Amino acid sequence: MDSLIVNSGRPLAGEITVQGSKNSSLPILAATVLVGGVCQIHNCPDLTDTQAAIAILRHLGCKVKTGKNTVTVDSSDVSCYNIPDSLMREMRSSIVFLGSVLGRTGKAELSAPGGCEIGLRPIDLHLSSLRVMGCRIEEDYGHIRCERVKENRTSVISLSFPSVGATENIILAAALSKGRTVIHNAAREPEIYDLVAFLNECGCKISFRMQGTVVIEGVKKLHGCRYSVMADRIVALTYMTGAAVAGGDITLHGVNTNHFRTVIPVFEAAGCCVEDRKSLLRIRSDKRLRAVRDIRTMPYPGFPTDAQAPVMAMLSVAEGTSVIIENIFESRFKHVSELSRMGAKIKIEGKIALIDGVRELYGTSVTASDLRGGAALVVAGLAAKGSTVIENISHIDRGYEKIEDCFKILGADIKRVN
């Protein structure tokens, strides 16, 4: 099993193009099942989660070819509607195939998904929404059987929480329906807009009527297209935290800076200088960071829960006491114990983390327990005195494409070892 070794002492400098978004590419790959033709997806990151999605596509009967950050999917011959447990357990996002397989074949059979253990992520909203759309659903010891038994002229769904996964599944299930589907309180994350842009390129009729309302007019048939996935805003934020703790001056290319509007103030409050221009973001840090008093994770456009762990690592070396309130997942502080092993002073009280910044962390052996927590340990390693060995980095590989190579380009002393 691979590990990462991070040595501190080098400020980061240089430029890098941010990889394609994991949270955008996975639902787009699932959406190719609906097309019944050939789609070419560009800027698709090479991740273990991407590979898991490709394995599911092939199981369903799709022909898939991969190249340099390009995945070509021919879904003309989708031949089955069931996904085995072994494939579903590879990643949490596999649940998005429920909507695409149901939309293409009229039924779907699968099991509960796997992925990071960061707290309860129930799919109740997914299933209750599909029932409103005329589906019959049976659940049996973690297995789900779903079949569309009637076509509603209009289905109106009001989500009690703006769930990204539920919004994606509803859109996918409704794309080829015979009626209209309206989602109120839909998720507004940029990845939702990216999925919709792809589907509309393929012939869908999906529109955003007001904040949080999505209207899907079902169409009879779709066609293939070429599409480029948006840049990964969470990966970009991770590089920003690395530059903040290590010091230096880095520039990120290919990003949509509109996706950072609620996060940039956190870096500025910490003492970083951030310059954003269209598809370019530059961050400079040349002195000790300052504490940030109040960060609350919220659905978009609020502060993203996926950025919480790397930002916590950044604030662990900031002068003063910072406060982070985790409002999305109840078990998303698992990285705290590992940061504490490195000398961080963090106290957890329910969903609140109190970070009393220290002048420096110390390198030691730590273990990644989930994707973003693993990235936080890499960031902490850039600020720690000595060497930091990060084990169980398979979690990191789920969402970061060769994270060590990217940080090396920026001047970090980091390497992967077996």
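Where in the structure does alanine 384 lie? Alanine 384 is in strand β23, residues 384–385. Strands here are DSSP runs of E with at least two residues, helices are runs of H or I with at least four, and both are numbered from the N terminus.

Before going on, the conventions. This is a predicted model, in which local features need pLDDT of at least 70 and side-chain atom pairs count only at pLDDT 80 or more, while totals for chains, interfaces and linings use all residues. Residues are numbered from 1 along each chain as its sequence is written, and side-chain values use heavy atoms, with hydrogens and water left out.

Back to alanine 384. Its relative accessible area is 0%, so alanine 384 is buried. Buried means under 20% relative accessible area, exposed means over 50%, and partly exposed is in between, with a 1.4 Å probe and protein chains only. Setting aside neighbours within four places in sequence, alanine 384 is in contact with Ser8, Met342, Leu361, Tyr362 and Gly363; contact means heavy atoms within 4.5 Å. Methionine 240 is 144 residues away along the chain, and the two C-alpha atoms are separated by 17 Å.

Next, asparagine 7, which sits in strand β1, residues 3–7. Not counting residues up to four places away in sequence, asparagine 7 touches Gly381, Gly386, Ser387 and Asp413. With serine 387 there is a side-chain polar contact of 2.2 Å. A polar contact is a pair of N or O atoms within 3.5 Å; within protein, one must be able to donate a hydrogen and the other to accept it, and residues adjacent in sequence count only if both atoms are side-chain atoms.

On to the nonpolar cores. A nonpolar core is a set of buried Ala, Val, Leu, Ile, Met, Phe, Trp, Tyr and Cys residues joined through side-chain atoms within 4.5 Å. In soluble globular proteins, nonpolar side chains tend to be buried together. The largest core here has 75 residues, and those touching the most other members are Phe267, Met312, Met314, Leu315, Ile390 and Phe407. Helix α8, residues 233–246, gives this core its largest share, 10 residues. Apart from it lies another core, of 70 residues, including Cys44, Leu57, Val219 and Tyr227. As for phenylalanine 267, leaving out residues up to four places away in sequence, the residues touched are Leu237, Met240, Thr241, Cys272, Val274, Ile283 and Met314.

Two helices deserve a word. Helix α6, residues 164–174, is largely enclosed by the rest of the structure, because 9 of its 11 residues are buried. Among the buried ones are Glu168 and Asn169. At the start of α6, a side-chain oxygen of serine 163 comes to within 3.5 Å of the backbone nitrogen of glycine 165. Helix α4, residues 97–105, has 7 of 9 residues buried, so it too is largely enclosed by the rest of the structure. The buried residues of α4 include Phe97, Leu98 and Val101. Just after α4, glycine 106 has a positive phi of about 90°.

Helix α7, residues 190–201, contains glutamate 191. Is glutamate 191 buried or exposed? Its relative accessibility is 5%, so glutamate 191 counts as buried. The side chains of glutamate 191 and arginine 233 are joined by a polar contact of 2.9 Å. Beyond four places in sequence, glutamate 191 is also in contact with residues including Ser21, Asn23, Ser24 and Met230.

Now the backbone. Most residues other than glycine have a negative phi, and most peptide bonds are trans. The bond from tyrosine 300 to proline 301 is cis, with omega near 15°; proline 301 is in the loop between β17 (295–296) and α10 (308–315). Asparagine 43, in the loop between β3 (38–42) and α2 (48–60), has a positive phi near 55°. Asparagine 43 is partly exposed, at 28% relative accessible area. Lysine 402 has a positive phi of about 50° and lies in the loop between α13 (394–397) and α14 (403–409). Lysine 402 is partly exposed, at 48% relative accessibility.
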